[in-house]
Amino acid sequence: MRYHKTIGVSMFYLFLNGQVNHEPAIKELNRWSGVKLFPNDEKLKHRHAHSRAWNETWLSAFFNKPCNNELFVMQSLNMEVAIMQAREDGVDWIFHLDTDELLYPGGTETFSIQEYMDGLDHDVDAVVFPNYEGLAETDDITNPFTEVTLFKRNFAHVNSEQYFKKYKMVARGNPNYFTTYGNGKSAGKIQPHLRSNGAHRWYIYGKKPKEITSTEPTVLHYVYNKYADLKGRRDRCDCAPTDEDVKRCFILPFDREAFLASSLKEDEELRQYFRERLVWSERDNVRELLKSGLVVRIHTPQLLTQMYSKMPDAGLILAEPGESKTTVMDAYQMPVEE
């Protein structure tokens, strides 16, 4: 939240699950200005149960399925709650982010997401921010925000010839170019009939929204950067560690592989799997990919988050009255044991 306030976000809607969905955490989060909390309680469950999202045919394919499917539905329901809250609060734009993601306003003069959003044409309804995936370069990362500076760039921002030429090197034995999603995250302009369109998009009842894709600002996704992220995957679901069951439980191919690996491998074998698939320690390969433009160094989030750890009050200033309000939805999905 400190980071996002620094780049111009003025309001946060936090949907609490797992280790933060209890009184001590709620009490601490309530001390923050510009923050509204949505604990996973009976009130929220009632709002979910009466959501218009249950009438959406595109979402019905995920109903009554476990694990990641259930999470996808919950995020869509949370987005519907957030839209209603944003209209009450006079918010202009809304983002949906997880707690392992940061908006990165690349290309702006003042490193401000406000600057970028204020510069959009007035008829733009939604903006897709291509995601960049954080890459661990050692196997002992504990805080990705302060330790990860290498990122795999999105297909939308790279040379297609280089992408196909070096695809195998970048995929690193994993099922796809990215380990998880590759379709970015989007911002939606608050207006009548805005609705969620999955966790990554917004739509509008009655018309096709004018959607653009940003050429420089991105979403930085710090996924599977810690060994604990991989090891903890086995505790995310009650599914059986079989090829058939993981297809039922997980949407993305690497999440399926990670669940099987973390469930079936002993610790040292799993650590070796982590190093082979997810740690980028080969300097020559990294330099080659940097030269090709498929990966990039980004230091600003690291420097800011390091500053926050040393200066507890840094990044707490809200936008001045009269400035447009932009909301980040943060969905806390971390396992309890982490």
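The following dialogue examines how several descriptions of this predicted model are reached.

Visitor: Why is helix α3 called roughly perpendicular to helix α4?

Guide: Helix α3 (residues 42–49) and helix α4 (residues 68–89) pack at an angle of about 95°, and their axes lie 10 Å apart. Angles of 65 to 115 degrees count as roughly perpendicular, and therefore α3 is described as roughly perpendicular to α4.

Visitor: Which residues of α3 and α4 meet?

Guide: From α3 come Leu 44, Arg 47 and His 48, which meet Met 74, Leu 77, Asn 78, Val 81 and Met 84 of α4. In this contact of α3 with α4, 5 residues are nonpolar, 2 are polar and 1 is charged.

Visitor: What makes helix α11 roughly antiparallel to helix α12?

Guide: Helix α11 (residues 253–264) and helix α12 (residues 267–278) cross at roughly 155°, their axes coming within 10 Å. Angles over 145 degrees count as roughly antiparallel, so α11 is roughly antiparallel to α12. The crossing of α11 past α12 is right-handed.

Visitor: Which residues form the contact between α11 and α12?

Guide: On the α11 side are Phe 254, Glu 257, Ala 258, Ala 261 and Ser 262; they meet Leu 270, Tyr 273, Arg 277 and Leu 278 in α12. The residues of this contact comprise 6 nonpolar, 1 polar and 2 charged.

Visitor: Why does Trp 58 count as partly exposed?

Guide: The relative accessibility of Trp 58 is 24%. Buried means under 20% and exposed means over 50%, with partly exposed in between; Trp 58 therefore counts as partly exposed.

Visitor: Where is Trp 58 placed, and what does Trp 58 touch?

Guide: Trp 58 belongs to the loop between α3 and α4. Not counting residues up to four places away in sequence, Trp 58 touches Phe 72, Ser 76, Arg 195, Ser 196, Asn 197 and Gly 198. The C-alpha atoms of Trp 58 and Arg 275 are separated by 38 Å, the two residues being 217 residues apart along the chain.

Visitor: Which residues touch the most other members of the largest nonpolar core?

Guide: That core has 41 residues, and those touching the most other members are Tyr 3, Leu 14, Phe 95, Ile 113, Met 117, Val 127 and Phe 129. Leaving aside neighbours within four places in sequence, Met 117 is in contact with Trp 93, Phe 95, Val 127, Phe 129 and Ala 187. Another core, of 16 residues, lies apart from the largest one and includes Leu 44, Ile 83, Ala 86 and Ile 204.

Terms used:
Residues numbered from 1 in each chain as written. Predicted model: local features only at pLDDT ≥ 70, side-chain atom pairs only at ≥ 80, totals over all residues. Heavy atoms only, no water. Axes fitted to C-alpha atoms, helices over the stretch in contact; angles between N-to-C directions. Helix = DSSP H or I, 4+ residues; strand = E, 2+ residues; numbered from the N terminus. Parallel < 35°, antiparallel > 145°, perpendicular 65-115°, else oblique. Contact = heavy atoms within 4.5 Å. Nonpolar A, V, L, I, M, F, W, Y, C, P; charged D, E, K, R; others polar. Left-handed = near helix turned anticlockwise from the far one by under 90°. Core = buried A, V, L, I, M, F, W, Y, C linked by side-chain atoms within 4.5 Å. Buried < 20%, exposed > 50% of the residue type's maximum accessible area, 1.4 Å probe, protein only.
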